[in-house]
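The sequence and the model come first.

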Amino acid sequence: MDGNGRWAKQRDLPRTAGHTEGESSLFDVVEGAIEIGVKAVSAYAFSTENWSRSPAEVKFLMGFNRDVIRRRRDEMHELGVRVRWAGRRPRLWGSVVKELQVAEELTRDNDVLTLTMCVNYGGRAELADAADRMVADARAGRLKRVDERTFAKYLYVPELPDADMVWRTSGEQRLSNYMLWQAAYSEMVFTDVLWPDVDRRDLWRAITTYAERDRRYGSA
Amino acid sequence: MMASQYTRSGLFPFPNSNSPLLSSPSLFLWLSFCFTTFYYYSRLATQGQRKVRCFVYCRNKSTPRTTYGFTRFLYLPSLLMEKNGKSMISKAIGHVSFVMRKCLFSILSIGPVPAHIAFIMDGNRRYAKRHALHQDSTNPGSGHRVGFKCLISTLQYCYEMGVKYVTVYAFSIDNFKRDPQEVQSLMDLMKEKIDELLTEDSVLKKFDARINFWGDLQLLSEPVRLAAKKAMDMTVHNKGPVLSVCVAYTSTNEITHAIEASVREKQENAPIEVSDLDRNMYTAGCLEPDIIIRTSGETRLSNFLLWQSDFTHLQNPNPLWPEFSLRHLVWAVLEYQNVHGYLKKRKGEIEKNK
C-alpha cells in the first residue's frame with residue numbers, strides 16, 4: 001500500500017492525511033477481492049523499517065492501525081472476512097496487539113476471505129523468528145527433519161498459501177522486505193497509482209495482468 | 001561580439017555554421033570517428049609493414065629502416081586480408097565499437113553507476129523456438145548456447161562500465177524437473193563454458209575477474225562440480241570485478257542452508273537473529289544487488305535473491321535473453337539512476353534507525 005506520503009505531499013497536506021485516506025482504499029480493495037473470488041489478501045500496513053520514520057508519524061500510525069481495526073472489524077465480520085495478524089510483538093503498542101487479537105477471535109470462523117494485516121512485519125524478521133522457533137523445536141526433540149517444507153510451518157501465518165500476486169502501487173518496483181518466503185514465485189504487478197487513489201477497479205486490472213502471465217515454476 | 005561567432009555548446013566552440021556536422025554533439029561524434037579511423041589505420045599500416053618490408057636509407061645508408069611515409073598506403077590490400085583467422089575489418093569494427101562504448105559509459109558515469117547487477121536470463125528456449133534454431137536429440141540446448149554468447153557480451157559491457165559485481169541465475173533447483181535430456185545438455189554446456197571462461201582470451205582473464213558459484217553444488221553432476229571448484233580456486237586471488245553464477249540455487253534453499261549454518265555456530269538456546277542469517281548466506285560479503293533484470297518481460301523473481309533484494313530495483317525488459325543488448329543495459333542503468341536518489345534516502349533512514 002505505497003504512496004500515502006506522496007499523495008499527501010502533492011496536495012500540500014501532512015503525511016498522516018495520506019494514511020487516513022488510504023483506509024477507504026484498503027477496504028474497497030477487500031470488497032473487490034471478495035467480488036472477484038480472491039480467497040486471501042495480505043496488506044503491508046506497518047513494516048519493521050517504518051520505525052525509522054519521524055516519532056510523530058510512528059505515533060500516528062500506531063494509533064491509526066488500532067482505530068482502523070477496531071472500527072472495521074464488525075464490518076469485516078459481516079462480510080465473512082477472517083482477520084489475521086502477521087508481525088512481531090516487540091515494540092508494537094499493546095493496544096494495537098489487543099485490537100488485532102480481538103479481531104482475530106471475532107472472525108475466527110469466517111471463510112469468505114482471509115485478510116492478513118502485516119503490522120510490525122519484516123520479511124527477514126519473519127524468517128529469523130521462524131528459524132528461532134524451528135530450532136527450539138528441533139533441540140527439544142519435537143522436530144526430526146529441518147527442510148524447506150517444515151520451515152514454512154513456522155512462519156507467522158503458516159496456513160496462508162504462498163502469494164500468487166504481489167501488487168505494489170505508486171510505481172515503485174521493489175519488494176521492500178515483504179513476504180520474502182511466500183513471494184518466491186509470485187507475479188509482481190506494479191501500478192503507477194498512489195494508494196489513496198486506488199479502488200477495486202485497479203485491483204481487477206492488476207488481476208487481469210496477472211491472468212495473462214504464464215507461470216512455469218522453473219520447469220518446462 | 002566574440003561569443004556570437006561560436007555555436008551554443010559547452011564542449012566545442014566553433015564558428016557559426018548551418019552545417020549539421022558542425023553542430024556541437026555531432027561534431028564531437030565526427031571528431032571521435034575521424035580520430036578512431038586514423039588511429040586504427042595507422043596501426044594497420046604498421047602491421048602491414050611487418051609483412052612487406054621496405055628499406056629506406058637515410059643518411060647512414062647501412063641502417064635499414066621501415067618506412068613511415070606515403071608508401072604505407074601501398075600496403076592497404078595486405079591489411080584487409082585475413083590475419084590470424086580474424087578479419088581486419090572485424091577488428092577495426094571492434095576497436096571503433098570499443099571507443100564508442102567508452103564515450104557512452106563516460107557519459108553514463110555522470111550519474112550513479114550500479115555496483116551490482118543481477119540477471120535472470122530468461123527466454124533462451126523461446127528464442128530458439130522463435131528462430132527455429134536446430135534442436136534435436138543431440139543438441140537440445142541451442143537456445144542456451146546463444147544465451148551464453150549474450151552473457152559474455154553483457155559481462156564485457158558491465159565491466160567496461162565499472163559494475164563491480166554481476167550475478168546471473170544460471171540454473172535453479174526447480175530446473176531439475178525439466179526433461180532429463182535437457183538437464184543433461186545443460187550440465188554438459190555448463191562444464192564446457194566454465195572451461196572456456198578459464199582460457200586466456202576469455203572475458204574473465206581480460207578483466208582479472210573472480211568467479212563464484214552459489215548454490216547447492218552437491219546436486220550437480222561431478223564433472224560440473226569439479227569444474228566449478230577449479231574455476232573458483234583459479235580465480236580466488238583475482239582483484240578485478242566478480243561474476244557470481246547461481247547454479248543449483250534457490251533463495252529458499254539458501255535461507256534454509258543459512259539457518260543450518262547459524263544453528264551450528266550458535267551456543268545452546270541462543271536466539272537466531274537476522275544478522276546470523278545474513279552472515280551465512282551464500283552472498284555474504286557481496287553487496288546487495290542494485291538492479292535485478294529479468295528478461296522476456298516476466299515479472300517474477302522465481303526464488304532468486306529474495307533475501308538480498310530489499311532495496312533492489314526490479315526491471316523486466318521485454319527482449320528475450322539472447323536479444324538483450326547494450327542499449328537495453330544502458331536503458332536499465334538510466335532507469336536505475338532515475339530512482340537512485342530516493343532509494344538511497346530510504347536506505348539511509350533505515351540504516352540510521354538500526
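The text below takes up confidence, then a sheet in chain B, then aromatic pairs in chain A.

**Confidence**

The model is predicted, with an ipTM of 0.87 and a pTM of 0.80. Chain B has a mean pLDDT of 79, and 72% of its residues reach 70 or more. Among the elements of this chain, β1(B) has the highest mean pLDDT, 97, while helix α2 of chain B, residues 76-79, has the lowest, 48. In residues 1-23 of chain B, pLDDT stays under 50, and the model has 25 contacts beyond four places in sequence for them. Residues 45-85 of chain B also stay under 50 in pLDDT, with 41 contacts beyond four places in sequence.

**The sheet of chain B**

In chain B, 6 strands make up an open sheet with parallel pairing, in the order β3-β4-β2-β1-β5-β6. Its edge strands are β3 (210-214) and β6 (313-315) of chain B, each of which pairs on one side only. From one strand to the next, the twist averages 20°. Helix α5 of chain B, residues 142-161, packs on this sheet and touches β1 (116-120), β2 (165-172) and β4 (242-249) of chain B. The direction of this helix makes about 160° with that of β2(B).

How many bridges join β5 and β6 of chain B? The two strands pair in the parallel sense over 3 bridges, with β5(B) spanning residues 291-294. Ile292(B) has Leu314(B), in β6(B), as its bridge partner.

**Aromatic pairs**

Over all chains, the structure holds 17 aromatic pairs.

| Pair | Ring centres apart | Angle of planes | Class |
|---|---|---|---|
| Tyr121(A) and Tyr178(A) | 5.8 Å | 80° | edge-to-face |
| Phe151(A) and Trp181(A) | 4.6 Å | 55° | tilted |

Tyr121(A) belongs to strand β3 of chain A (residues 113-121) and Tyr178(A) to the loop between β4 (165-168) and β5 (187-190) of chain A, so their pair ties together parts 57 residues apart in sequence. Both Tyr121(A) and Tyr178(A) are buried. These two residues are also part of a cluster linked by ring pairs, together with Tyr44(A) and Tyr156(A).

In the other pair, Phe151(A) sits in helix α6 of chain A (residues 148-152) and Trp181(A) in the loop between β4 and β5 of chain A; the pair therefore ties together parts 30 residues apart in sequence. Are these two residues buried or exposed? Phe151(A) counts as buried because its relative accessibility is 0%. Trp181(A), at 7% relative accessibility, counts as buried too.

How values were computed: Residues are numbered from 1 along each chain as its sequence is written. Chains are lettered from A and ligands numbered from 1 in the order in which they are written. This is a predicted model: local features need pLDDT of at least 70, side-chain atom pairs count only at pLDDT 80 or more; totals for chains, interfaces and linings use all residues. Side-chain values use heavy atoms; hydrogens and water are left out. Two strands pair if DSSP finds at least two bridges between them. Helices (H or I, at least four residues) and strands (E, at least two) are DSSP runs, numbered from the N terminus. Axes are lines fitted to C-alpha atoms, for helices over the stretch in contact, and angles run from 0 to 180 degrees between N-to-C directions. Contact means heavy atoms within 4.5 Å. pLDDT is the predictor's confidence in each residue, from 0 to 100. Rings of Phe, Tyr and Trp (its six-membered ring) pair if their centres lie within 6.5 Å; planes under 30 degrees apart count as stacked, over 60 as edge-to-face and the rest as tilted. Buried means under 20% relative accessible area, exposed over 50%, partly exposed in between (1.4 Å probe, protein chains only).
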